[in-house]
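User: I would like to learn how to read several kinds of local feature in a model. Please give the general idea each time, and then the case at hand.

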Amino acid sequence: MKEALIQKEVLILDGLCAGFPARRGEVRVLDHVSLSVPKGKITGLVGESGCGKSMTARAVMNLIRHPGRVTGGRILLEGRDLLSMRKKERRMLQGREMAMIFQDPMSSLNPVMKVGKQVDEAVLVHEHVTHAEAKRRTLEMLEAAGVPDPERRYHSYPHQLSGGLRQRIMIAMAMVCRPKLLIADEPTTALDVTVEAQILDLMKEMSAKGTAVLLISHNLGAIARVCDDVSVMYAGKIVEQADICTLFDRPRHPYTRGLLSAVSSLRDGSEVLSVIPGHVPNLARLPAGCSFSPRCSCRGKECMEKTPEMREISPGHRIRCLWEEPGKKPGEKELETEGLAAE
Amino acid sequence: MLRKKEKQIVSDFEHRKADPAGPSEISEAYDLGEAETFGKLMLRMFRENKLSAVSLLVILLMILCTILAPVLTPYGETDMDLLNRLQPPSGDHWLGTDEGGRDVLTRLLYGSRVSLMVGIVPTLLSMVLGALLGVMAGYFGQWTDTVIMRLADIVLAFPSMLLAMVIMYTLGGGLFNVFLTLTLMNWGSVARIARSETLRLKKSEFVEAARSIGVSKWKIIFRHILPNCLPTLIVLFTLNVPAAILTESSLSFLGLGIQPPGASWGLMVNTGRQFLYNAPWLSFVPSAAIMVAVLSFNFLGDGLRDVLDPRLRKQ
Amino acid sequence: MKRILQALLVLLLVSLMLFGLLRIVPGNPVAVLMGEHANQATIDRLTAELGLDQPIHVQFFRYLSGAVRGDFGTSYSLGKPVSGLMGTAFVNTLLLSLAAALFAWITGGLCGLLAAIRKNSIPDRLFMGFSLLGISMPVFMAAMILQYVFAYWLHWVPISGTADWRSFILPAVALGWNSAGSIARLVRSALLDTLEEDYIDTARAKGLGKSGVLFRHALRNTMLPTVTMMALQLSALLSGAVITETVFSINGIGRLAVQAITARDIPLLQGTVLFSTAIVIFGNLVADFLYTVLDPRTRKEA
Amino acid sequence: MSEVLMEARNLVKDFPAGRHRAVHAVSDVSLELQEGKTLGLVGESGCGKSTLGRMLMHLIPPDSGEILIRGTPVTWLSDADFMKYRRMLQMVFQDPYASLNPRMSVRSLIAEPLETYRLHESRQETTRHVLELMSTVGLPEEFLHRYPHQFSGGQRQRIAIARALAPDPDLIICDEPVSALDVSVQNQILNLLKSLQQSRGLAFLFISHDLSVVRFISDRTAVMYLGKICETGPTEDVFREPLHPYTRFLTASVPMPDPHRRQERPKMAAGEMPSPISPPAGCRFHPRCPYAMPECSRTEPKLRRCGERQVACHLEK
C-alpha cells in the first residue's frame, strides 16, 4: 500500500492483449499495449477508427462486450492488478477510483431517469450517505462541471438537454466520487467545436486538481491542446509514445508523420493535401511484418518480414519501427493522390 | 437464440451505420467484405441455427406429403367404413378411425392441403396488399396515409377472432371465403410495419440521393424502398403463416370455417371433440399436426429474422 | 385528449363497418328467423317492428343512439335485451380474461426475465421452449389437453362451468399460455437489447453490480415495448376467450357471440363484437397513457 | 468576376414542432454561387446549413424566398419542370454508409442518374460511361459489380462522387462529404474534389462544420449561425481577419494541432447555440457575444457589404 501512495503513475497498462474468437483462431484487437497515466496529467491516446483505442478504455473499465475478452497482460491501478482481483472488488473501484465518460452523451445517459438521480447513484453506490447528502454532492459537482442552474437541471431528463450539457452531466457523474483516474473516450467527437473547446478546458481543470486523465481521441487538435503525453495507436498496437512536444515536433514513426502532415497540410495553404495511401487494414487479416508496411512509403524488405518491437530512441520517446537512423526521415510528405495505389 | 456472434456483427454494423464517427473496432475486425447472396445467407442461417434447418425440412416434407397423399394411403378421403368406427390406432389404421370409420391418417394428409394452403395463400395475398398500401401510406403521406392507416386501425381494433367470425358469417363458410377473411384480417398489421419501414427508409440518405437525381416516385418506391423492405417482409411472412393456420383451425373448430365433408385439421378436432373421452386421438392427432406445422414455421421465421432483420425483434 | 378523440373515431368507424358487414347478409333476417312456414304478413309486421324496413342510415343512427345509452336492441333468438345478456356474460369473460392476463403477464414476464439473465443456459432453453409451445399450440388444444388431464383424469378441478373459482383455473391457463409465450419472448429480447445500450455501460462504469444495472436501469426501459405488447395481447385474449369459453362451457361474451352466429341473431352478434372491440380500444388507450408515464421523452414539455 | 450560377434570395424555412411552435431552421438567407467556384458554408450542427443545401437542391420547398439558376427563377417549379435543371446540380451526402442503396451494385448506382436523364441509347454505352467515371474517381474497374457494403468509407464516398459527376453537372452540393471519414482518407477525398473542380470547371457548395476543411477547399466562405448568415467573404480574409464576433469565436475554438500554441485562444463566449425553436430577439448571437451592446438585443443587424465581404453585426458599420 505504501508503494501505491508514493507512486506517480495512477494507471499502468503492461502488455495488455485483448481479442475475440473468430472463425479461424482469434482476432487480436489489442496487441501488447503498454502505457502509463501519471497523476495530474492528461495522457492522450490517438489513432484512426478501428485501431483499438476504445477497446483499451473498455478493457480498463471491464466493459468489453461479449465475445471479446482480455487475453493477457496486466492493468495496474496504483499498483493493484485489476485483472487478478475478484469481480466485486474490481467493481467497487469503478466509479470510485476510476471513472469513464463516453463518446455519445445522448445514448450514454439513461433516457427514463432524471439526470440528477443518475449522478446521485454514483455517490450512493460507493458511499453510505443519505439521499439528501448525495443530492448536495451532486449539485456541487454539477456546478463544478459548469452546468448552469444545477438545481433546475437536476430534475431534467437527458432528452431535454443539449449535447454539451449532457457531456457535462457525464463528467459530473464520473467525477462526483473524486476518482484518481478519468478515462475519456472521444468525449468531444459528438460535439460542436465551440462546445468542444469548453469541454476540453473542463477536463484540463479536472486534471489540474490531481486527477489522472486518459484522453482518447482521433482529433490531433484536441490532443495537442490538452495532453501532456501521447501514445499513437495503429491496428491494435502502440506505434509511438512521447511527450506532447516531442511527438508533434519530432515524430519518428512514419504513421505519426503521415497523420501529422495530413492534418497540418490542411492549414498551411498547400494546394494538394498530404495523405496516407490506402486504408486501415482489417484486423483479421493483418499483413506480415510491420502492420503499417503496406502503406508506408519508406518500407524496406525486412519491414514485411520482421515484426518491430517497441524501443526507446531517446528518454521517454518510444517507437515501433525498424528504421534505425533518424536522419533517414522516413515518410516525409507524400504527394500521392491515388488513394488505392497501395492496395 | 444461438447466435451471439452474428448478432454482434449485425449490431456493430448497425451501430457503425448509425454513427459513422464512432469507431467500431469489433466490426472492423470481422470480415464484412464478402457479399452475401441469398443462398449464402440461408447457409449461414442453417449453420448457426440448426432448428431452423430442421424446420424447413419438416415444412418441405409436409408439402410433399400433401401432394403425394393419394399415393401414400390406400384409403380415400371420405371412404366410410361403419364396421370400424372409432378404432384406436392399429396396423391397418396407423392413427385409428373416426366416427364414420374413416382413416384418420388419410384425413390428416388431405386436411394438410387445406391447412397449408390456408396458411400460405391468404398470407401471401395480405402481404402484397398490406405492403403496397403501407408503402404508399408511408411514402405519400397526407391523406393517403390518413385513409389507409385509419382503415388499418379499424381492422386492428377488432379482436381478430371476432372479426373473422363476423366476416365468415357474412360470407358463409368454405375455403375461398376463409382465404378472403384471413386476407382482410391480416393486411392491417403488415401495412403498419411496411409503413414504418418506409418512413425510416424515406428519411435515409440514399432515398434522398435518388430524389436529388430526379428519380421518379414510383421508381423510388420499387427500386429503393421495396427491395429494402423485402427482408422484413420475408420474415413477416414466415411469422404470419402459422398465425393464419391457427386462425383457420380455430374458425373450423367453431364450425365457421371449412365445411364437412371436406377435411381440415381444425374441423377434425371439432368433430373429434365429441369423442374426447372415448377416442381422444381423434382430437389430439390433428391438434398435434397443427402444432408441428406452426412450430416449424415459427422456428424458420425466428431463424430468418435473426439473419435478415434483427430490428424486427422489437415488434 | 387527442388520443381519446382518435379512439372514439375508430370506435365509430368500427361500429359503422360492423353494421355494414352484417347488413350485406343476403335475405331478410326476419324471414330466416321465422323459418320456412311463416306467412308474409307476419314477416312484414315483424320487419317493421324491428325497424328493418327503414333506410340503412336511419337504422344505423337509431342503433348508434341506442348503443350510446346502453341499449343494443333485443336478441332475436333469446328475446331478451342484448345489454342484459351481455351484462352477465361480461362478468364471466372479465373474470376469465383477468385471470388469464394475470397468468400471462406474471409467467411471461418472469420467464422472459430469467431467460434473458441466464442467456443460453438450460433454464433459458426451457423457458423459451415453454413460450414457443404456448404460441404454437392452438388455444383449443391447450384447453382440451388441460381439461383431459386435470379435470377428466386427475379430477383436480371441475370439467366445465363457472361454479367456483377453481373452475376458472384451467380456462385461464389455457387462454393465457399463448400470451405468456409472446410476452416472454418479447421481454427476453427487449431486455437483451436494452443490456447492449450505451447507458448500461455507463451504469457499469459507475460500479453498479448486476442486479443494480438490471433493476435500476434496464427494467424500466424494457417495460416500454412490453406495455404496448400487453395491450395488443388484450385483443388476443378476447379472441382466445371465444374458444376457451366454448370448450369449458363458460357463459361469456365469446360464447354468446358463437351462439349468436349459430342462431343468426344479428343484434346479439353486433352487440358482443362491438362491446369486445370497445374493450380493446380502451385497453390501447390505457397502454398509451402508461407509455407516457414510463417514457419521459413522450411527455410534453412543461 | 465570374458569372452567377445560382442565387438564393431571402430563403425562409420553418419546420413545425408541435402546437404553435416551429423550428426556424433557415431565416432570410441570401447567397450567390459562382460558376466554377467553391462556396464554403460553415456552422455548428443545427444552424440550418443542411436545410439550406436541401432547399437549393429542390428537395424541400422553402416557405418563402426565391431561388434562381442563371437568372431564371426555379423555386416553384414542379418536380417534372425542374428536371431539366436537375442535370446541372448534383449532391454528395454526408454519410457514405447511408447514402448508397445497399441493394444496388456499383454499376447500377452510378448508372442511375445516366438512366434517369436518358443520356445513353444502349446499355453498353451506359456501362462504358460508368467505367469512365469510376476511373475518374480512382475506383478500379473490377469493382463494377460489387455492392456498397464491400467498400470502406472512403471508397464509398468515391462512388457517391462518381454518381454525382455522371450527368456532367455545373454544381455539386456537398453536404459534409468528409466528416464521417478518418483524417488520412479525408484528405484523399478532398484532393479528389479539388482536382475535379479544376479539371472540369465545377462549382461547389461545400457544407461543413470543419473549418480547416472549408478553408482548404473554398474560394469564398459563408458562416451561418442559428438560421442566418452572419458573415461572408473570400475564404482567406474571413479566416485571417474575422469580422463577426461569432466567426472570431469559431475560428479560435478550433484546436490547433500544435502544442506550442495552445494558450493563444482567447476565452470568449460561453454556452451553446440556443434552440432554433425560440431564437433570441435582435442579433441571434448577442446572448453569447462578449461585445454585445444594448442595441444588439433590440434590432437585428442586416448583412452589410464592406468591400468584398459582408457582415451582419452592429459593430461593423
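Analyst: The discussion below takes up a strand, aromatic pairs, charges over rings, and a domain assignment.

Analyst: This is a predicted model, in which local features need pLDDT of at least 70, side-chain atom pairs count only at pLDDT 80 or more, and totals for chains, interfaces and linings use all residues. Residues are numbered from 1 along each chain as its sequence is written, chains are lettered from A and ligands numbered from 1 in the order in which they are written, and side-chain values use heavy atoms, with hydrogens and water left out.

User: How many residues of strand 7 of chain D are buried?

Analyst: In a regular strand the side chains alternate between the two faces of the sheet. Strands (E, at least two residues) and helices (H or I, at least four) are DSSP runs, numbered from the N terminus. Buried means under 20% relative accessible area, exposed over 50%, and partly exposed in between, with a 1.4 Å probe and protein chains only. In strand 7 (residues 171-175) of chain D, five of five residues are buried. Leu171(D), Ile173(D) and Asp175(D) cover one side, while Ile172(D) and Cys174(D) lie on the other.

User: Which strands pair with strand 7 of chain D?

Analyst: Two strands pair if DSSP finds at least two bridges between them. Strand 6 (residues 89-92) of chain D pairs with strand 7 of chain D in the parallel sense over four bridges, and Gln90(D) stands opposite Ile172(D). Strand 8 (residues 203-208) of chain D also pairs with strand 7 of chain D in the parallel sense, over five bridges; there Ile207(D) is the bridge partner of Asp175(D).

User: What unit do strand 7, helix 6 and strand 8 of chain D make?

Analyst: A crossover is right-handed if, with the strands pointing away from the viewer, the path from the first strand over the helix to the second runs clockwise. Strand 7 of chain D, helix 6 (residues 183-200) of chain D and strand 8 of chain D form a right-handed β-α-β unit.

User: How many aromatic pairs does a search of the whole structure find?

Analyst: A pair of aromatic rings is described by the distance of the centres and the angle of the planes. Rings of Phe, Tyr and Trp (its six-membered ring) pair if their centres lie within 6.5 Å; planes under 30 degrees apart count as stacked, over 60 as edge-to-face and the rest as tilted. The search finds 17 aromatic pairs over all chains. One of them is stacked: the ring centres of Trp218(B) and Phe222(B) are 6.3 Å apart, with their planes at 25°. These two residues are four apart in helix 10 (residues 217-253) of chain B, so about one helical turn separates them. Trp218(B) is partly exposed at 45% relative accessibility. Ring pairs also join Trp218(B) and Phe222(B) with Tyr139(B) and Phe140(B) in a cluster.

User: Where do charges sit over rings?

Analyst: The criterion is NZ of Lys or CZ of Arg within 6 Å of the ring centre and within 35 degrees of the ring normal. Lys135(A) lies over the face of Tyr154(A), 4.7 Å from the ring centre. The charged end of Lys194(D) sits over the ring of Phe216(D), at 4.3 Å from its centre.

User: What does the domain assignment of chain C give?

Analyst: Domain bounds come from an automatic or database domain assignment. For chain C the assignment gives domain 1 (2-68) and domain 2 (82-301). Their centres, taken over C-alpha atoms, are separated by 33 Å. The contact (heavy atoms within 4.5 Å) takes 16 residues from domain 1 of chain C and 13 residues from domain 2 of chain C.
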